[in-house]
Amino acid sequence: MNEMNEVRKPPVATTGIIGWLRINLFFNWTNSLITLFVIYCLYQFIPWILDWTIFSADFKYNYLGEQITNQEMCSRNLDPENGGACWAVIYVRFYQFIYGFYPRVEVWRVNLAYVMLAFALLPLLYAKLPYRKYFLYFTYIFPVIAYFLLNGGLGFTEVSTNKWGGLLVTLVLGCTGIALAFPIGIMLALGRRSKLPVISMMCTLFIEFIRGVPLITLLFFGMVMLPLFLPEGIDMDGLVRVLVAVTLFQSAYMAEVIRGGLQAIPPGQYEAAKSLGMSYWRMNLLIILPQAIRISIPPIVNTSIGLFKDTTLVIIVGILDLLGIGRGTLADTNWLGLSYEIYFFVSLVFFIFTFGMSRYSLYLEKKLKTGINMGAD
Amino acid sequence: MKKLLSIFAVVAFAFSAHAGTLDDVKNRGFLKCGVTTGLAGFAAPDDSGEWAGLDADMCRAVAVAVFGDRSKVEFITTTGKSRFPTLASGEVDMLARNTTWTISRDVNLGFEFVGVNFYDGQGFMVPSALGVSSATELDGATVCIQTGTTTELNLADFFRLNGISYEALPIETNDEGKENLFAGRCDVYTTDASGLSSTRAAASNPDKWVVLPEIISKEPLGPLVRHGDHQWGDVVRWSLNAMIIAEELGITSENVDAQTSSNVPEVLRLLGVEGNYGEMLELSNDWAYQIIKQIGNYSESYEANVGPDTPLEIARGLNALWTQGGILYAPPFR
């Protein structure tokens, strides 16, 4: 009987590091082959990429110890055998990548706006933030502050949007597009499902039209056609026109994403809300939308990431965003031929932002447990 | 409905019926000049964020002519597709955006090309190891060619005329052409000569590549303005001409002050010491002096941006003065 009381440990082969390895990497012979192949590729690739990006790379000085001011001074151009990436181009052009052509004396305004953006996002990202309510007030007025801060007015010198560029433009386009598209998208989604034929038809028309054309077409329309329709005296800012196009585009996609969420809500929820005597707006605000948005988080983040990357298309209409500044740098005779470094840097910046967004959405999904079936309970 | 339309037309006209572009520019206090989003040697932002290049200098020259100040210009970046609507809608006062002067653009689009600031043309680049010194020796070569462009048609014409054959490797962008050529997937890359030079300069070892002497098409690049505003067109035209004439007369940014006491009549007229040519253009009388002082003559701008001493290494060639074997020619200043 004593033997029965002894707890038998699980087989060695399923626990610990060895167990993990066996289950995940060497489960059967195909898995083992693939694992070995991947390890071999990484072994070939990782030392090379580390060497190129870090160990042999120039950051500010080349291997002779001179400060690099043009591509001819990069170690790899002085001696092809000696040297990897030439990050000096990023170092020298860092200001342009982050602020574009914003005047240097006024650049504190952009920095302040960046910091304020972080504070404005805090209460949205963390529900448990102390004094969240007051932070939220700040979030609501942040767009107004940012407008005056970046554009000028209210005692600030005016800086025309023509001088904005780099990450500043990317963030302005991305944040404004995502922030404005969300409420507009909700209204469009509700409108499309509305029982009033006029509203439903108008929303459907809008969504289908915008979704039916590529973003580039909308950008061209905003940039090229709009000024031809407007009388010559009325000058609409180029960045504003692009913002309008981007927002319209994103709202149409957001509307469809949210409509997907709305359709997943069982009719019982609507009936229950109505039986409590709730009005249309109360029902949607308190019962339907919180659930619909909760289950739409992955696609919402998906389209937002898509938009953030799509902002690079504005190069087509002559606005120099992060990628545009990169291309402009490549056209400078001092930095010809450094395309690997520049595209690597630009991708890295985009990766940091989009990866951040995707991790945050995972955290939200876990917190809100969107995976559970909320149909019948 | 008709009435409504006519009212609308009148209102639109009232908005658009403004004084000439020159007055607009003067009232605004700066020039709006359309340039590329970045093309080596023609217009690209430098490390401090200032636009530099042959086209950027053209913009600055006009700003200097109007305001006497090279910084009174705002550069508006335009792409190949957005440049013409941007000019037509009045968002920019002029374009200096390596644009080829063709009859349809000049006539049909309603623009006015005021001159040529760079004579470009389609050329060929090959690896120097190929040992070819003329494009007529390229029989049977694989050619990287951008599809759907005039370069494609020019290429076919050239090879047919010379009775030689080629195999085309279609590509979409300049970058793609560069990669294919450097990787040896094609023997020859053909595009505009200035583009070939910047491609060559971007190579890890430029000496391994040669641009062949044959130029098989005409691509005169020049600044342009909207049709109909002749006064403004004249200002831009003569800003360019002033730089060319200054080179002819040997006036540079260094010696321009000494030249004001020259005994050559045309020099004195150009620098505004004699005559009232500035007034005719509704500019100050020393407008050309200021251009030469602040920007330099055509040769100085060329040498600084695309000339043999820059990484682009584009020889003067067609862009030399007519007295020096090129076709650069400005009407007399009198």
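How many helices and strands are there in chain A? Chain A has 16 helices and zero strands, where helices (H or I, at least four residues) and strands (E, at least two) are DSSP runs numbered from the N terminus. The model on screen is predicted, and local features need pLDDT of at least 70, side-chain atom pairs count only at pLDDT 80 or more, and totals for chains, interfaces and linings use all residues. Residues are numbered from 1 along each chain as its sequence is written, while chains are lettered from A and ligands numbered from 1 in the order in which they are written.

**Chain A as a whole**

Select chain A, whose radius of gyration of 27 Å is well over the 21 Å that the globule rule gives for 377 residues, so the chain is more spread out than a compact globule; the radius is taken over C-alpha atoms, and the rule is 2.2 Å times the number of residues to the power 0.38. Along the principal axes, the C-alpha atoms of chain A fill a box of roughly 95 × 80 × 45 Å. Buried residues account for 32% of the 377 residues in chain A, a residue being buried if 20 or more other C-beta atoms, placed from the backbone, lie within 10 Å of its own.

**Where the chains touch**

Next, show both chains: 29 residues of chain A are in contact with 31 residues of chain B, contact meaning that the C-beta atoms of two residues, placed from the backbone, lie within 7 Å. Helices H5 (88-99), H10 (215-229) and H15 (322-330) of chain A each supply at least two residues of the side that touches chain B. That side of chain A has 16 nonpolar, nine polar and four charged residues, with Ala, Val, Leu, Ile, Met, Phe, Trp, Tyr, Cys and Pro counted as nonpolar, Asp, Glu, Lys and Arg as charged, and the others, Gly among them, as polar.

**Strand E1 of chain B**

Move to E1(B), residues 31-35, where five of five residues are buried. B:Leu31, B:Cys33 and B:Val35 point one way from E1(B), whereas B:Lys32 and B:Gly34 point the other way. In a regular strand the side chains alternate between the two faces of the sheet. E1(B) runs parallel to strand E4 (residues 73-77) of chain B, joined by five bridges, and parallel to strand E5 (residues 94-95) of chain B, joined by two bridges; strands pair if DSSP finds at least two bridges between them. Centre on B:Gly34, whose bridge partner in E4(B) is B:Ile76 and in E5(B) is B:Leu95.

Now select H3(B), residues 54-67: at 1.5 Å a residue its 14 residues should span 20 Å, and its end C-alpha atoms are 20 Å apart, which agrees; the expected span is 1.5 Å times one less than the number of residues. Of the 14 residues of H3(B), 14 are buried, and just after the helix B:Gly68 takes a positive phi of about 70°. B:Cys59 and B:Val62 are among the residues with the most contacts inside the largest nonpolar core, which has 148 residues; such a core is a set of buried Ala, Val, Leu, Ile, Met, Phe, Trp, Tyr and Cys residues joined through C-beta atoms within 7 Å. Leaving aside neighbours within four places in sequence, B:Cys59 is in contact with residues including B:Leu31, B:Cys33 and B:Val35.

**Strand E11 of chain B**

Finally, select E11(B), residues 188-192, where five of the five residues are buried, so the strand is largely enclosed by the rest of the structure. E11(B) pairs with E8(B), residues 122-127, in the antiparallel sense over four bridges.

Methods:
A residue is buried if 20 or more other C-beta atoms lie within 10 Å of its own, exposed if 12 or fewer, and partly exposed in between; C-beta atoms are placed from the backbone.
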